Amino acid sequence: ESDAEKRKKWIDAMEEEVSAFENMSKTGNQVLDTILAAKIFHCRKNYIQITCVADGKLLDFIHVTDLCSIFGNALDNAITAVMKVTDPDKRVVSTKLIIQSDLMVIQVQNYYEGKLQFEKGLPLTTKKNKADHGYGMKSIRYTAEKYNGTITVQTKNQIFMLQILIPVPNSA
(Lines give C-alpha, C1' and ligand atoms only; values in the text may rest on other atoms or scores of the structure.)
Protein backbone atom coordinates (compact mmCIF):
# COMPACT_ATOMS: atom_id res chain seq x y z
CA GLU A 1 0.00 0.00 0.00
CA SER A 2 1.52 3.28 -1.09
CA ASP A 3 -0.77 5.48 1.06
CA ALA A 4 0.96 5.78 4.46
CA GLU A 5 -2.30 6.35 6.38
CA LYS A 6 -4.04 3.30 4.88
CA ARG A 7 -0.93 1.17 5.43
CA LYS A 8 -0.76 2.22 9.11
CA LYS A 9 -4.46 1.39 9.65
CA TRP A 10 -4.04 -2.01 7.99
CA ILE A 11 -0.94 -2.86 10.06
CA ASP A 12 -2.63 -1.69 13.28
CA ALA A 13 -5.67 -3.89 12.54
CA MET A 14 -3.44 -6.92 11.85
CA GLU A 15 -1.44 -6.35 15.05
CA GLU A 16 -4.68 -6.15 17.05
CA GLU A 17 -5.90 -9.47 15.64
CA VAL A 18 -2.55 -11.18 16.30
CA SER A 19 -2.40 -9.84 19.87
CA ALA A 20 -5.86 -11.24 20.55
CA PHE A 21 -4.44 -14.74 20.07
CA GLU A 22 -1.21 -14.05 21.94
CA ASN A 23 -3.07 -12.77 25.00
CA MET A 24 -5.41 -15.75 25.12
CA SER A 25 -5.01 -17.87 28.20
CA LYS A 26 -3.99 -21.44 27.52
CA THR A 27 -6.12 -24.20 28.99
CA GLY A 28 -3.48 -26.91 28.89
CA ASN A 29 -5.19 -28.81 26.08
CA GLN A 30 -4.05 -27.96 22.57
CA VAL A 31 -7.28 -29.10 20.92
CA LEU A 32 -9.44 -27.01 23.24
CA ASP A 33 -7.09 -24.04 22.80
CA THR A 34 -7.39 -24.29 19.02
CA ILE A 35 -11.19 -24.50 19.13
CA LEU A 36 -11.34 -21.55 21.54
CA ALA A 37 -8.97 -19.45 19.43
CA ALA A 38 -11.22 -19.80 16.39
CA LYS A 39 -14.38 -19.11 18.40
CA ILE A 40 -12.83 -16.11 20.19
CA PHE A 41 -11.77 -14.64 16.87
CA HIS A 42 -15.31 -15.06 15.50
CA CYS A 43 -16.86 -13.62 18.68
CA ARG A 44 -14.68 -10.52 18.66
CA LYS A 45 -15.68 -9.78 15.08
CA ASN A 46 -19.35 -10.07 16.10
CA TYR A 47 -19.14 -8.15 19.42
CA ILE A 48 -19.73 -11.22 21.56
CA GLN A 49 -18.03 -11.70 24.91
CA ILE A 50 -16.72 -15.22 25.40
CA THR A 51 -15.11 -16.63 28.52
CA CYS A 52 -13.67 -20.02 29.32
CA VAL A 53 -12.51 -21.27 32.70
CA ALA A 54 -11.00 -24.70 32.17
CA ASP A 55 -8.12 -26.92 33.14
CA GLY A 56 -7.68 -28.55 29.76
CA LYS A 57 -5.46 -31.28 31.18
CA LEU A 58 -8.63 -32.83 32.59
CA LEU A 59 -9.65 -33.63 29.00
CA ASP A 60 -6.65 -35.81 28.19
CA PHE A 61 -8.68 -39.04 28.29
CA ILE A 62 -11.12 -37.80 25.64
CA HIS A 63 -10.28 -38.43 21.98
CA VAL A 64 -9.53 -35.41 19.78
CA THR A 65 -12.57 -35.91 17.53
CA ASP A 66 -14.81 -36.18 20.59
CA LEU A 67 -13.42 -32.91 22.01
CA CYS A 68 -14.15 -31.25 18.69
CA SER A 69 -17.68 -32.66 18.69
CA ILE A 70 -18.44 -31.49 22.23
CA PHE A 71 -16.83 -28.06 22.27
CA GLY A 72 -17.24 -27.24 18.58
CA ASN A 73 -20.96 -27.97 18.54
CA ALA A 74 -21.67 -26.46 21.97
CA LEU A 75 -19.85 -23.21 21.20
CA ASP A 76 -21.26 -22.96 17.68
CA ASN A 77 -24.79 -23.31 19.07
CA ALA A 78 -24.16 -20.74 21.81
CA ILE A 79 -22.61 -18.24 19.41
CA THR A 80 -25.43 -18.67 16.91
CA ALA A 81 -27.97 -17.99 19.67
CA VAL A 82 -26.30 -14.88 21.08
CA MET A 83 -25.83 -13.38 17.62
CA LYS A 84 -29.64 -13.01 17.62
CA VAL A 85 -29.68 -11.26 21.03
CA THR A 86 -30.45 -7.55 20.63
CA ASP A 87 -29.13 -6.36 24.03
CA PRO A 88 -25.34 -5.96 23.57
CA ASP A 89 -24.76 -6.65 27.30
CA LYS A 90 -26.31 -10.09 26.87
CA ARG A 91 -24.17 -11.15 23.92
CA VAL A 92 -22.17 -13.44 26.20
CA VAL A 93 -21.01 -17.06 26.00
CA SER A 94 -19.55 -18.66 29.12
CA THR A 95 -17.77 -22.01 29.26
CA LYS A 96 -16.62 -23.80 32.40
CA LEU A 97 -14.87 -27.11 32.96
CA ILE A 98 -14.53 -28.42 36.52
CA ILE A 99 -14.30 -31.66 38.44
CA GLN A 100 -16.98 -32.33 41.07
CA SER A 101 -16.59 -35.56 43.00
CA ASP A 102 -15.67 -38.08 40.28
CA LEU A 103 -17.44 -36.19 37.49
CA MET A 104 -16.09 -33.80 34.90
CA VAL A 105 -18.64 -31.03 34.47
CA ILE A 106 -18.65 -29.02 31.24
CA GLN A 107 -21.06 -26.09 31.21
CA VAL A 108 -21.79 -23.78 28.32
CA GLN A 109 -24.20 -20.91 29.00
CA ASN A 110 -25.57 -18.16 26.84
CA TYR A 111 -28.49 -15.80 26.53
CA TYR A 112 -31.07 -16.41 23.84
CA GLU A 113 -34.19 -14.74 22.52
CA GLY A 114 -37.41 -16.31 21.41
CA LYS A 115 -39.02 -19.59 22.35
CA LEU A 116 -37.26 -22.94 22.19
CA GLN A 117 -38.98 -26.22 21.46
CA PHE A 118 -37.69 -29.50 22.84
CA GLU A 119 -37.84 -33.12 21.78
CA LYS A 120 -36.40 -35.96 23.88
CA GLY A 121 -34.72 -33.45 26.20
CA LEU A 122 -32.91 -31.57 23.44
CA PRO A 123 -33.80 -28.28 21.79
CA LEU A 124 -34.97 -28.49 18.19
CA THR A 125 -33.02 -26.50 15.63
CA THR A 126 -34.23 -22.97 15.03
CA LYS A 127 -32.77 -22.92 11.51
CA LYS A 128 -35.15 -22.87 8.54
CA ASN A 129 -33.60 -25.86 6.77
CA LYS A 130 -34.39 -28.39 9.48
CA ALA A 131 -33.41 -31.39 7.34
CA ASP A 132 -29.76 -30.29 7.27
CA HIS A 133 -29.50 -29.04 10.87
CA GLY A 134 -30.18 -30.18 14.42
CA TYR A 135 -27.44 -32.78 14.69
CA GLY A 136 -25.06 -30.86 16.97
CA MET A 137 -26.84 -31.51 20.26
CA LYS A 138 -27.44 -35.15 19.30
CA SER A 139 -23.73 -35.46 18.56
CA ILE A 140 -22.84 -33.96 21.94
CA ARG A 141 -25.19 -36.40 23.69
CA TYR A 142 -23.81 -39.36 21.71
CA THR A 143 -20.24 -38.35 22.58
CA ALA A 144 -21.02 -37.90 26.28
CA GLU A 145 -22.73 -41.31 26.37
CA LYS A 146 -19.68 -42.85 24.70
CA TYR A 147 -17.79 -41.93 27.92
CA ASN A 148 -20.69 -43.10 30.15
CA GLY A 149 -21.79 -39.50 30.59
CA THR A 150 -25.00 -37.54 30.23
CA ILE A 151 -26.11 -34.13 29.10
CA THR A 152 -28.86 -31.88 30.38
CA VAL A 153 -30.26 -28.70 28.95
CA GLN A 154 -31.92 -26.06 31.10
CA THR A 155 -33.51 -22.75 30.21
CA LYS A 156 -34.44 -20.07 32.68
CA ASN A 157 -34.80 -16.29 32.34
CA GLN A 158 -33.66 -16.44 28.69
CA ILE A 159 -30.42 -18.20 29.69
CA PHE A 160 -29.61 -21.48 28.00
CA MET A 161 -27.36 -23.88 29.89
CA LEU A 162 -25.88 -27.05 28.47
CA GLN A 163 -24.32 -29.29 31.12
CA ILE A 164 -22.27 -32.34 30.24
CA LEU A 165 -21.32 -34.79 32.98
CA ILE A 166 -18.65 -37.40 32.28
CA PRO A 167 -17.21 -39.79 34.88
CA VAL A 168 -13.47 -39.24 35.32
CA PRO A 169 -11.36 -42.37 34.88
CA ASN A 170 -9.20 -43.30 37.87
CA SER A 171 -6.02 -42.35 36.01
CA ALA A 172 -7.20 -38.79 35.20
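**Pairing and packing, term by term**

Colleague: How do you know that β2 and strand β3 (residues 103-111) are paired?

Modeller: 8 bridges join β2 to β3, and the two run antiparallel. Two strands pair if DSSP finds at least two bridges between them. Therefore β2 and β3 count as a pair. In this pairing, K96 stands opposite Q107 in β3.

Colleague: What kind of model is this?

Modeller: It is a predicted model: local features need pLDDT of at least 70, side-chain atom pairs count only at pLDDT 80 or more, and totals for chains, interfaces and linings use all residues. Residues are numbered from 1 along each chain as its sequence is written, and side-chain values use heavy atoms, with hydrogens and water left out.

Colleague: What counts as a strand or a helix here?

Modeller: Both are DSSP runs, numbered from the N terminus: helices are H or I with at least four residues, strands are E with at least two.

Colleague: What lies between β2 and β3 in their hairpin?

Modeller: The hairpin has 2 residues between its strands. S101 in the turn has a positive phi of about 55°.

Colleague: How do you know that β3 also pairs with strand β7 (residues 159-167)?

Modeller: The count is 9 bridges, in the antiparallel sense. N110 stands opposite F160 in β7.

Colleague: And what joins β1 to strand β2 (residues 92-100)?

Modeller: 6 bridges, and these strands run parallel. Q49 has V92 of β2 as its bridge partner, and I50 stands opposite V93 in β2. The chain crosses from β1 through α3 to β2, and this β-α-β crossover is left-handed. (A right-handed one runs clockwise from the first strand over the helix to the second, with the strands pointing away from the viewer.)

Colleague: Why are β1 (49-54) and β6 (150-156) called edge strands?

Modeller: The open sheet has 5 strands in the order β1-β2-β3-β7-β6, with mixed pairing. β1 and β6 each have a single partner strand, so one side of each is left without a neighbour in the sheet. Neighbouring strands of this sheet are turned by 15° against each other on average, direction ignored.

Colleague: What makes helix α2 (residues 30-45) roughly parallel to α3?

Modeller: Their packing angle is about 20°, with axes 10 Å apart. (Axes are lines fitted to C-alpha atoms, for helices over the stretch in contact, and angles run from 0 to 180 degrees between N-to-C directions.) Angles under 35 degrees count as roughly parallel, so α2 is roughly parallel to α3. α2 passes α3 in a right-handed crossing. (That is, the near helix is turned clockwise from the far one by less than a right angle; anticlockwise is left-handed.)

Colleague: Which residues of α2 and α3 make the contact?

Modeller: Contact means heavy atoms within 4.5 Å. Among the residues that meet it are L32, I35 and L36 of α2 and L67, F71 and L75 of α3.

Colleague: How does helix α3 (residues 64-82) pack with helix α4 (residues 136-146)?

Modeller: At an angle of about 145°, with axes 9 Å apart. The crossing of α3 and α4 is left-handed. The contact includes I70 and A74 of α3 and M137 and I140 of α4.

Technical notes. Parallel < 35°, antiparallel > 145°, perpendicular 65-115°, else oblique.
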